[in-house]
Structure formats: C-alpha cells, structure tokens
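Let's take a friendly walk through this structure together. Have the sequence and the 3D view ready as we go.

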Amino acid sequence: MAEKRQVFSVGDLCIDVRQEIKNPVEFGREYSLKDLEFSIGGNAANFAVIGSKLGFKPKLLSAIGKDFATPFLKKELAKAKVSSSLIKSRLPNAFSIISINKRGERAIQSVKNCENDITSNKVAKMLLSSLKPGDIVFFGGFYHLQNMRSGFKELLQKIKKKKAIVCFDTCFDTRGKWDISSFLSFIDFLFVNDLELKHIAKGSTMKKRVAFLFKNGSRVVAVKQANKGATLFVKGFPSGHFESYAGKVIDTTGAGDAFNAGFVFGLMNSWSLDSCMRSGNFVAAKKIQVHGLAAPKASAVNHFLAIHNKPTLIIVPDYNELSRLAAQRVINLLKRKPTASIALPTGETPKQMYRLLVSAYKKGKVDFGKASFFALDEYAGLRKQNKNSFSYFLMNNFLSKVNVKKQNIHLLDGSAKNLKKEAAKHEAAIERKRIDLCILGIGRNGHVAFNEPGSCSYGLTRAVKLKQQTRKVNGKSFSENIAPPKAITIGLKTTRANSAKILLLASGKAKRNAVLNTLKSKDFMRWPAVALKPHKNFMVVADRAAGKKS
C-alpha cells in the first residue's frame, strides 16, 4: 500500500564511453577499438533511469552541456521515460571513459565540464516549490559537483522543513575532499560502498567507521560490499548483513546506482528496511549481468521478495524498552502523517505502550486529533461497556485519555445481534481507510488477533470459535475463569492486504515458542502469524525472554 510520493534525483548527468579490455594494454603500441559503446551515465542519471524502469519515475535535476552529445543524452532520457529539469550550460557535457576487464571490474576516467554549473541555489529553485511531505530527494554524484558544496547544508535544511526524505549516495571523490560531517544529520538514508566508507569515516573496521558516522549525525547507513552483498546499520539497533544475489558478472558499471534505486523502490512502497536491502541487492544483481542500465520489472522484484522476504526481528532488553519502542513508532508515524490509521491490540503486552502514549500526549509530544483507530477483535456477547470487553480495555487504557475524535474510533460490537453484519461493517471500514500501522500481540499458541491455529490465511473479518487454551489464558478476569467461546476478529488477509506496516509485540518466556515458530516455521495452519510473513513491512519486536532462541 504505497503512498503517492514524488522522487527527485539530483546530481550528475554525463555520457559514458565504455570499452572492454580483454588483454593487457602495452604502452607505445596502437590498438583498434572494438565494441565501443556510448550510453547515458552519472550516478543521479543512472538512478533515474533504473528507477523509471522499476516504475517509480524519478525526476532528474541536473545540467546538460552544449556539444555533439547533447541530442544523444536528451534522446536517451526520453527513451528511458525520465522527466527532467536541466540547467542549460554553455560548457561541454560531462564525459566518463569506462574500461571494463574480463571479470566485469571497471576503471573510470572522467571530466566534469557542465556539472560545474550545478549549484545548491539553482537546485533549490528547481526543487523546493514542487516538494511535498513524504517526497524523496536522492542526491547522486555529489563529489562530482564542485560548486554544489556551497549552500548545500542550507539546501538540506530547507528540504527537511518540507518534511521530505533525503537519500544521499557518496560516490568516489577524485579530489580527495571526502568530509560530509557538517550535513550528515540532515540525511535520512546514506548509501556508501566499503571503499568510500574508508575515506569518509575514521576507524579500523566497518563497524567503527559507521559508529563515527552515527556520532556525526547519521541515522541509517547502507554499506554496499560488491559480491559480498550489503550491510544495513540503523542507529540504536544491531546491524544486519544481506547476501548478494549476483550470478555471472558482465559489467559492474552502475551496480551501486541500481542498488540505490532498488532500495528507494522499497521506500516508495513503504517496505521495511530489510526488504529495501533485499530489493536493492536483487536489482543490482540483475544490472551486473548485462551491459547498460538494465533493471527487472517491478513485478519481478515483488515476486522475488514474496519468496525471499523475512520479518525484521528486533530483540530489546526488557518489557519497558519494548513498550518505549512501540510507543515511539506510533509517535513518529503521527508526526509524519497526522491522519494515520492504527489498529490496536489488547492484553497485557500493550498496556505500558498505552501509558507512554498517554503521557506523551499530556506533555504535548503527540496529537491524536486527526488519527483513526481500529480494534483487532472482540468477544461475542459482551457489550462495549462490559469491563471484560476489548472495547472497554481500549477506551479505559488509551482512547478516552487522549484527544481522538469519536467518529475516528472503530470498535467491534460483540453484542450485535448479527455478528456477520458487524464483521462486514468493520472490514469495509478498514478497506476504506486502510491501516498505516497494525500493532499485534501474539498468543502462546501463535494466534494473532483471534486468528487461532487452523485459521485460513485468506480470512477476512469474521466471527470465530476460540480454542480452549485461549479461553483459559484470557479468562482470569471472568467470573468462571474462562473467556467466552466466540469472538469477532479481523482476518489474516485483512491484516496483510490493508496494512502498510505490521508491528508484532511479544513479551515474556511464555511467548518464546510462538515467536520462534513465527520466524522459522512455514506452517501457517499451526502458527497463524506465519501467514503474515509475505508482508514486506513486518517487524517483530520481542524482549529477551520472548526472543531468545530455544
């Protein structure tokens, strides 16, 4: 469920002249050239072309020169269906001569020419008036743009004031002026390869170099490692390595740009960062198998992730940290999108999260006035005012204590005479508004909401019978120590198809087996949460007691 966003690719546009070197070159001799190829080039342009092939159609903001290559570059941009806003320079176009050996490795010699006419002030005039909250601005080839540094920090500040997302790819600095620490704090996603990382950050290991970047303001760093894959670093969380999917290597030119485009393709679709990394690696792998700027179709990326996708697992020290992280996710979402829709869990696990959200509201740190909230489930036969109903739980622990509007609260009426009709009404409301963040707990037997073992993975909101184990575990507050036999629940398909993000919370040793099997098992009939694993933004947050491997 992707939000409508624009993507702008800001940076270099040049003409690449590629030649294959099949034998060692001996100076003093003359060689005839074979298979000399001309193509569009530049980090920002490559990103735009590959992004267009993936379907998210970035707009290229760059400069174009005045020479024989100008018609060629315009034709190539048009052929790739890349829209552009180009500074018209009197200087010649930028050129890169790329030599490629038998292993697909490359060496590049370049002259910048018209790229020197790209300045932060000119980019600001082309960009800022069109920028909207949630848009993505990708900067490519920054080190190639000598006159971009002046005013660049101020440009990023203006972009961030527009609530846009900034992605920045370092590229190679031929002048040796690598420092970017003055504006790192304004970059949301930093892309860098392992060689470049050694130049821009201090430290003897990759981990120490990224720690240096974090100290200077970075929050998310993706380190590209060629045939070793890529490693994701998120400040405050453990790093994660993602394997390469590369097969035969023909030409690595543009591989990093392809990774960047694949990653941003994931951001455009609101995927988890893990899914974005896999998407980046997959798109890069497809590019290096051929010459030129090849890219898979969007449907191929989706199909690949449907097979290879895994939930993101975050293990935190304790219940308090789990609650803090979950509350912060809600706060961050509402700051970015005040009208967000959120599905709310009940039970013991989310209680502290609700207390933290209420506290944040009272301190003026979050506003719920435009947000909508959905119940996940409800016991059949209980009125909303019943102290054992989930409606009462949500109102008493959270909704009645913040400024949410009554018309934006969507609870389930367990006392409805026609449960089927009540379920259909709730399903329709979810499909109409959609869910930006679905927060789930998990039962000891693996149930999510009230989708018990045996539930259909394509189930919608419906009335269900509860397992005896669930009734006993949930029955402590009932007079006979057993919960009602029936309930209404949103379905597994409802959750998958209508949620931009899924956040599953698990606390305590009793949930350990359910968490382990959610992550490892393929049996969604036995462990219902397994049916959520194809979702591309599914995060499991567990405390050590629940997340520790058996």
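**Aromatic rings and a helix pair**

With ring centres within 6.5 Å as the rule for a pair, the count comes to 32 aromatic pairs. Keep in mind that this is a predicted model.

Start with phenylalanine 138 and phenylalanine 191, a tilted pair with 6.4 Å from centre to centre and 40° between the planes. Phenylalanine 138 sits in strand β8 (residues 136–140) and phenylalanine 191 in strand β10 (residues 189–193), so, at 53 residues apart, the pair links distant parts of the chain. Phenylalanine 138 is buried, with a relative accessible area of 0%, and phenylalanine 191 is buried too, also at 0%.

Now look at phenylalanine 139 and phenylalanine 152. Their ring centres are 5.0 Å apart and their planes stand at 85°, so this pair is edge-to-face. Because phenylalanine 139 belongs to strand β8 and phenylalanine 152 to helix α4 (residues 152–161), the pair ties together parts 13 residues apart in sequence. Phenylalanine 139 is buried at 2% relative accessible area, and phenylalanine 152 is buried at 0%.

One aromatic cluster is formed by Phe47, Phe56, Phe138, Phe189, Phe191, Phe259, Phe263, Phe265 and Trp271.

Next, turn to the helices. The axes of α8 (residues 273–287) and α9 (residues 298–308) come within 10 Å and cross at roughly 125°, which means α8 is oblique to α9. The crossing is right-handed. On the α8 side, the contact uses Ser275, Arg278, Ser279, Phe282 and Val283, while α9 brings Ala300, Val301, Phe304, Leu305 and His308. These contact residues divide into six nonpolar, three polar and one charged.

Definitions and conventions: Residues numbered from 1 in each chain as written. Predicted model: local features only at pLDDT ≥ 70, side-chain atom pairs only at ≥ 80, totals over all residues. Heavy atoms only, no water. Axes fitted to C-alpha atoms, helices over the stretch in contact; angles between N-to-C directions. Helix = DSSP H or I, 4+ residues; strand = E, 2+ residues; numbered from the N terminus. Parallel < 35°, antiparallel > 145°, perpendicular 65-115°, else oblique. Left-handed = near helix turned anticlockwise from the far one by under 90°. Contact = heavy atoms within 4.5 Å. Nonpolar A, V, L, I, M, F, W, Y, C, P; charged D, E, K, R; others polar. Phe/Tyr/Trp six-rings, centres within 6.5 Å; stacked < 30°, edge-to-face > 60°. Buried < 20%, exposed > 50% of the residue type's maximum accessible area, 1.4 Å probe, protein only.
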